[in-house]
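Thank you all for making time this morning.

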Amino acid sequence: SALPDTRQQVAALAKGRRAMAVTIAGDERYVAVEDAARYRDALGVPLPAGQRASLLEPVRDPAGDLVMRYARSHGPFTVPELAARYGLGTGIAEALLRRLTEGGRLVEGEFRPGGVGREWVDSDVLRTLRRRSLAKLRQEVEAVDADALGRFAVSWHGIGSARQGLEPAIAAHHHRHD
């Protein structure tokens with residue numbers, strides 16, 4: 001079955017007044033109507049006229065909510081990545097990340113190989129990534145069958161090779177410590 005056309009789905013949500021188009025960091029994006037007040041209060045996003053009053057009630061931590069939503073749907077990310085996503089200054093983005101880290105909701109560190117510098121990740125996402133990494137490592141070191149082990153042991157110790165005396169054992173010993 002073909003994937004439904006995302007544009008059509010978004011248009012249907014907007015027509016049904018369940019999503020609205022807003023401009024964030026210079027890009028038009030659609031947000032769920034129940035998040036309208038978060039974007040207005042966290043980012044100063046102007047909302048289209050005619051919204052239901054119940055949707056315009058302020059929420060307690062609009063910026064923290066947006067950052068946590070971003071963090072839950074991404075792997076490790078940097079201050080500039082978060083700042084670009086929401087059109088925030090890097091100082092504001094970093095202050096938000098520090099506050100959420102102190103509250104135990106985010107973890108700060110260097111997570112991706114290749115050293116991109118300081119990164120943040122949602123603590124639940126980090127647990128999931130660690131679990132998946134361990135599962136992958138376990139698959140890579142799974143036990144082999146007895147035949148494979150036997151073939152390995154024979155070649156490892158030089159049994160049946162043309163080499164005689166101590167030479168195969170010494171070679172195997174050195175090979176093991178490389």
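Predicted model: local features only at pLDDT ≥ 70, side-chain atom pairs only at ≥ 80, totals over all residues.

**Helix packing**

Helix 2, residues 36–43, packs against helix 3, residues 62–72, at an angle of about 110 degrees, and their axes are 8 Å apart. That angle makes helix 2 roughly perpendicular to helix 3, where angles under 35 degrees count as roughly parallel, over 145 as roughly antiparallel, 65 to 115 as roughly perpendicular and the rest as oblique. The axes are lines fitted to C-alpha atoms, for helices over the stretch in contact, and the angles run from 0 to 180 degrees between N-to-C directions. Helix 2 passes helix 3 in a left-handed crossing, a term that applies if the near helix is turned anticlockwise from the far one by less than a right angle, with right-handed used if it is turned clockwise.

Residues are numbered from 1 along each chain as its sequence is written, and side-chain values use heavy atoms, with hydrogens and water left out.

The second pair is helix 4, residues 79–86, and helix 5, residues 90–102, which pack at an angle of about 110 degrees with their axes 9 Å apart. Helix 4 is therefore roughly perpendicular to helix 5, and helix 4 passes helix 5 in a right-handed crossing.

As for the whole protein, there are 8 helices and 4 strands, these being DSSP runs numbered from the N terminus (H or I, at least four residues, for helices; E, at least two, for strands). From the N terminus on, the order of elements is α-β-β-α-α-α-α-β-β-α-α-α. Of the 178 residues, 26% count as buried, meaning under 20% relative accessible area, with exposed meaning over 50% and partly exposed in between (1.4 Å probe, protein chains only).

**Charged pairs**

If we define a salt bridge as a side-chain nitrogen of Lys or Arg within 4 Å of a carboxyl oxygen of Asp or Glu, the count comes to 13 salt bridges. One of them joins glutamate 94 to arginine 98, with the closest N and O atoms 2.9 Å apart, and both residues lie in helix 5, 4 residues apart, about one turn of the helix. Arginine 98 also forms a salt bridge with glutamate 108, the closest N and O atoms being 3.5 Å apart. This pair links distant parts of the chain, since arginine 98 is in helix 5 and glutamate 108 is in strand 3, residues 106–109, 10 residues apart. Glutamate 108 is partly exposed, at 31% relative accessible area. Salt bridges that share partners also join Asp35, Arg38, Asp65 and Arg69 into one network.

**Backbone and surface**

Which value of phi does arginine 17 have? Its phi is near 60 degrees, a positive value in a residue other than glycine, and arginine 17 sits in the loop between helix 1 (6–15) and strand 1 (19–24). Alanine 25 has a positive phi too, near 50 degrees, and lies in the loop between strand 1 and strand 2 (27–32).

Finally, phenylalanine 152, in helix 7 (residues 146–156), is partly exposed at 46% relative accessible area.
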